[in-house]
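Visitor: I am new to this structure and would like a short tour. Could we look at it together?

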Amino acid sequence: MRTTSRGLIAALALTPLLAGCFSSGGSDSAQGGDGRLRVALAVPPVQALSPYSNDATVLSKLSVTEGLTALDTKGAAAPALATSWKRTAPTTWTFELRRATFQDGTPVTAAAVVNALGHANSAATKPRVLSDVTLTAKADDTDTVTLTTKTPDPVLPLRLASPALGILAAKAYGANGAVTPVGTGTGPFAITKLTGKTSATLDRYDGYWGGKAKAPGVDVTWIADGTARANALRSKDVDIAEWIPTSQTKLLDARTRHEVPSVRTDSLVLNTRSGTFANAGLRAAAREAVDGSALVGSVFGGYADAGQGLFGPAVSWAAADRVAVTGRAAAAKVPAGTTVRLATYTNRAELPEAATVLQQQLEKAGFSVKQDVREYTQMEADLLAGKYDALVFSRVTLLDTGDAVAYLASDFTSDGVYNIAGLKDAKVDAAIKSAAAEGDSAARYKKIMRAEAEVLRTDAVVPLVHEKVVQGISADVEGVVLDPRERSLIDAGTHLK
């Protein structure tokens, strides 16, 4: 397989971040400051911007790191640090590298790529994108890397576009698995300062292989509260504010709000491993009780579509191949006093309100519901440990690789690294494995949708709505990337007018 163009990163964009005060490094761009971009993100760093956590998306959105490949506007693999590649055997691929340097001045070589991918593969918490593959890298010469997988992986170039597999300089990797992207990426912007979970300073990296960025730097502030993000944009304290709550959109100047169809699906995830919803009949009762369509107007103000499945309208191929769900358990009568611990998080402003609507729906069906609403980073460990019965969850289904199989494998297979539902189902595992092995795109889509039907059969997840994201962008800014996959936001072309 050989790809041709790199028209890619200039056509994608979005995502979240959080917390506290605005970075003092930012300038008053609205009054003709030094041209630095001021950005408010929604979800604060979980692990000091480690690429092996959800923080990896931040590094991609801000153009700090790059992988061997990237995604073009159609979701196909396109060149990034690799200029070309070919499959030389069912389990073997060879990648040719471009001439590039890391932000610490060291060259991007095959040995550096092998080192970076080796650290990702051996990380204590393996990146989700590697949850269903065993990857081995070998340097053939200075500019050529051979990657081998244990079993055939027909979409390996897509997998390598994951933000979690960004290639960092050797000095990024410390003792005991520590890894830092500060000054070690290859993108047009280098992190020069990270202040806890509140702010980060990025400066233009003039040695970028793709040419100097138009903006001299980026000052990032994490603001968890969606209304506060919108207010910061209105008051011109920031130039870009992601994830504007639907309740705030009409309060913004029409020139500053940008609606983006998203591959994000909001669902009710049920804990199948223990507690109330270990019982399939009670999961079915919960599924029959909730109605996601009631959220579209009341909670999302029309910026959403009713849930159609795990994959919504922004996934262009999903509807044509959708499979009817059969074999579900019958809904059981809810025993008196059955308590449900319902969790959600504050980073997306609509989720707590959605949880309240779902609580009312579940209580009408006989469940007793107790809510736990916190900031996401405070609850992720408990979610993965199965300490809740249910979660109102917003998930970008094509985030990790652009390939839906990676999402299904990480979230719903028995050994998935992001399996919040704790699902262990042999038919689900087999369906996802079959999709993963399929190399023909059309056939792969059909198998993905059959796997979707198997997941939905278990009632481990109940799709509610498919979101439309609103990004807040000052009229003084050009070149912001509007990406349905929420992997890109700022690139080398983003700048103040």
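Guide: The conversation below covers salt bridges, nonpolar cores and cavities.

Guide: This is a predicted model, in which local features need pLDDT of at least 70 and side-chain atom pairs count only at pLDDT 80 or more, while totals for chains, interfaces and linings use all residues. Residues are numbered from 1 along each chain as its sequence is written, and side-chain values use heavy atoms, leaving out hydrogens and water.

Visitor: How many salt bridges does the structure hold?

Guide: There are 24 salt bridges, each being a side-chain nitrogen of Lys or Arg within 4 Å of a carboxyl oxygen of Asp or Glu.

Visitor: Which residue forms a salt bridge with Arg 444?

Guide: Arg 444 pairs with Asp 403, and their closest N and O atoms are 2.8 Å apart. The pair links distant parts of the chain, 41 residues apart: Arg 444 is in helix α13 (residues 441-457), and Asp 403 is in the loop between β16 (390-396) and α11 (404-412). Helices (H or I, at least four residues) and strands (E, at least two) are DSSP runs, numbered from the N terminus.

Visitor: Is Arg 444 buried or exposed?

Guide: Arg 444 counts as buried, at 4% relative accessibility. Buried means under 20% relative accessible area, exposed over 50%, and partly exposed in between (1.4 Å probe, protein chains only). Asp 403 also counts as buried, at 9%.

Visitor: Now the cores. Which residues have the most contacts inside the largest nonpolar core?

Guide: They are Leu 268, Phe 311, Phe 367 and Phe 412, in a core of 69 residues. A nonpolar core is a set of buried Ala, Val, Leu, Ile, Met, Phe, Trp, Tyr and Cys residues joined through side-chain atoms within 4.5 Å. Apart from this core lies another, of 40 residues, including Val 108 and Leu 158.

Visitor: What about cavities: how many of 30 Å³ or more are found?

Guide: A search of the whole structure finds six. On a 1 Å grid over the protein atoms alone, a cavity is a set of points where a 1.4 Å probe fits but cannot get out, and lining residues have an atom within 4 Å of a point. Grid points are joined across faces, edges and corners, and a volume is the space filled by probe spheres set on the points.

Visitor: What is the volume of the second largest cavity?

Guide: The second largest cavity has a volume of about 110 Å³. Its lining includes Thr 265, Phe 393, Tyr 407 and Phe 412. The elements giving two or more residues to this lining are β12 (257-270), β16 and α11.

Methods:
On a 1 Å grid over the protein atoms alone, a cavity is a set of points where a 1.4 Å probe fits but cannot get out, and a pocket is an open set with protein on both sides within 12 Å along at least five of seven lines; lining residues have an atom within 4 Å of a point.
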